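Biologist: Could you walk me through this one? I'd like to go over the strands, the helices and the ligand site.

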Amino acid sequence: MRALTFLARRFVAGDQIGDAIGAVRALNAEGLKATLDNLGEDSTDKASALAAADENMLMLRRLGESGVDANISLKLTQLGMGFDDGLAKESLLRIVAEAERLGSFVRIDMEGSKFTQKTLDIFYSIHDQHPGVGIVLQAMLRRTEQDAKDAVARKVRVRLCKGAYKEPATVAFPDKKDVDANYDKCAAILAKAPVPAMATHDDARIESALKAFDAAGLVKSEYELQMLYGIRAKRARELRAKGHVVRIYVPYGTHWFPYFYRRIRERKENLLFVARNFFE
Ligand SMILES: Cc1cc2nc3c(=O)[nH]c(=O)nc-3n(C[C@H](O)[C@H](O)[C@H](O)COP(=O)(O)OP(=O)(O)OC[C@H]3O[C@@H](n4cnc5c(N)ncnc54)[C@H](O)[C@@H]3O)c2cc1C
């Protein structure tokens, strides 16, 4: 277990919020912005869901005190959406109000497809009163083109990713080339939404989005390119050097296994990296 914890450190900034703020400071020093994520998902009881909400509140306050350039990302199942939507929404409102007080921003990560509609419902139920909250859409899902059009109509801040969860072909494109084509299509749609955020390490997707944004007349300060902590760090710096706004997703905390597993699953080289280090 200790060896795995060591390996997870490539993708996770540390156990404690102080570790994460240290990582954000280092990113900021290179001109990169951050979004901080307290790792956790699938809370199964009220006490752990409320504890997760408290940690998010603490995170916002610590970010405010430290003066670093970062906002936060969270998952609604961490706040209890898996067993009590009302509890998750109440906690989200509390967190978003605190973010607004501190001039920050809250991004709701998107989870597996069984939660997509619920996540969007909770998000839209508060968005009109609380514009300091944004959502994530996943290009792998067949529904996403329509969700992107809705987001444009309702002036929603969207992060577009490919999607990290294993999904059935009934809801998601099974072929990577279709996911990529849908990513490009949705990125072009989202050029009309406020601050579209392209979350991908895929150069072809980034180039396609940049072309669409340019054609739509967006300047560099009007969109973001986002990457995950520990992945393609050099590329992130190159994009920053070209003047793009680049934000790094920085996870921290002890509940790192599901996040780590998704990073391993999406790239076989990472499995080899784990195996090699494990046997060494
Ligand atoms: C900022 C950010 C936020 C995200 N938020 C969510 C979310 O809320 N919900 C969700 O479902 N998913 C989220 N994701 C994950 C995303 O859906 C993908 O699973 C992940 O980014 C890999 O897809 P890709 O777009 O990078 O393209 P891919 O085609 O998978 O990869 C393109 C290239 O990127 C590099 N790369 C990609 N993944 C890895 C890796 N794990 N290790 C090393 N190199 C890699 C490789 O060079 C690869 O060739 C997020 C991703 C980012 C960057």
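Biologist: Do S2 and S3 pair in the parallel or the antiparallel sense, and over how many bridges?
Modeller: Bear in mind that this is a predicted model; in it, strand S2 (residues 70-74) and strand S3 (residues 106-108) pair in the parallel sense over three bridges, and Ile72 stands opposite Val106 in S3.

Biologist: And what do the eight strands close into?
Modeller: They close into a barrel in the order S1-S2-S3-S4-S5-S6-S7-S8, with parallel pairing, and neighbouring strands of this sheet are turned by 30° against each other on average, if direction is ignored.

Biologist: Which strands does H3 lie across?
Modeller: Helix H3 (residues 46-66) lies across S1 (33-38) and S2, running at about 155° to S1, while H5 packs on the sheet, where H5 touches S3 and S4 and its direction makes about 155° with that of S4.

Biologist: Switching to helices, at what angle do H4 and H5 pack?
Modeller: Helix H4 (residues 85-101) and helix H5 (residues 116-127) pack at an angle of about 45°, with their axes 11 Å apart, and they are therefore oblique to each other. H4 passes H5 in a right-handed crossing, and by class their contact has six nonpolar, one polar and three charged residues.

Biologist: Last topic: how many residues surround the ligand, and which are the closest?
Modeller: The ligand is surrounded by 23 residues, the closest being Asp109, Cys161, Ala199, Thr200 and His201. Strand S4 (133-138) and strand S7 (224-228) are the elements that give two or more residues to this shell, and its largest share, three residues, comes from S7.

Biologist: How do the residues of that shell divide by class?
Modeller: They divide into 10 nonpolar, six polar and seven charged.

Key. Residues numbered from 1 in each chain as written. Predicted model: local features only at pLDDT ≥ 70, side-chain atom pairs only at ≥ 80, totals over all residues. Axes fitted to C-alpha atoms, helices over the stretch in contact; angles between N-to-C directions. Helix = DSSP H or I, 4+ residues; strand = E, 2+ residues; numbered from the N terminus. Parallel < 35°, antiparallel > 145°, perpendicular 65-115°, else oblique. Left-handed = near helix turned anticlockwise from the far one by under 90°. Nonpolar A, V, L, I, M, F, W, Y, C, P; charged D, E, K, R; others polar. Near = placed C-beta within 6 Å. Pairing = 2+ DSSP bridges. Contact = placed C-beta atoms within 7 Å.
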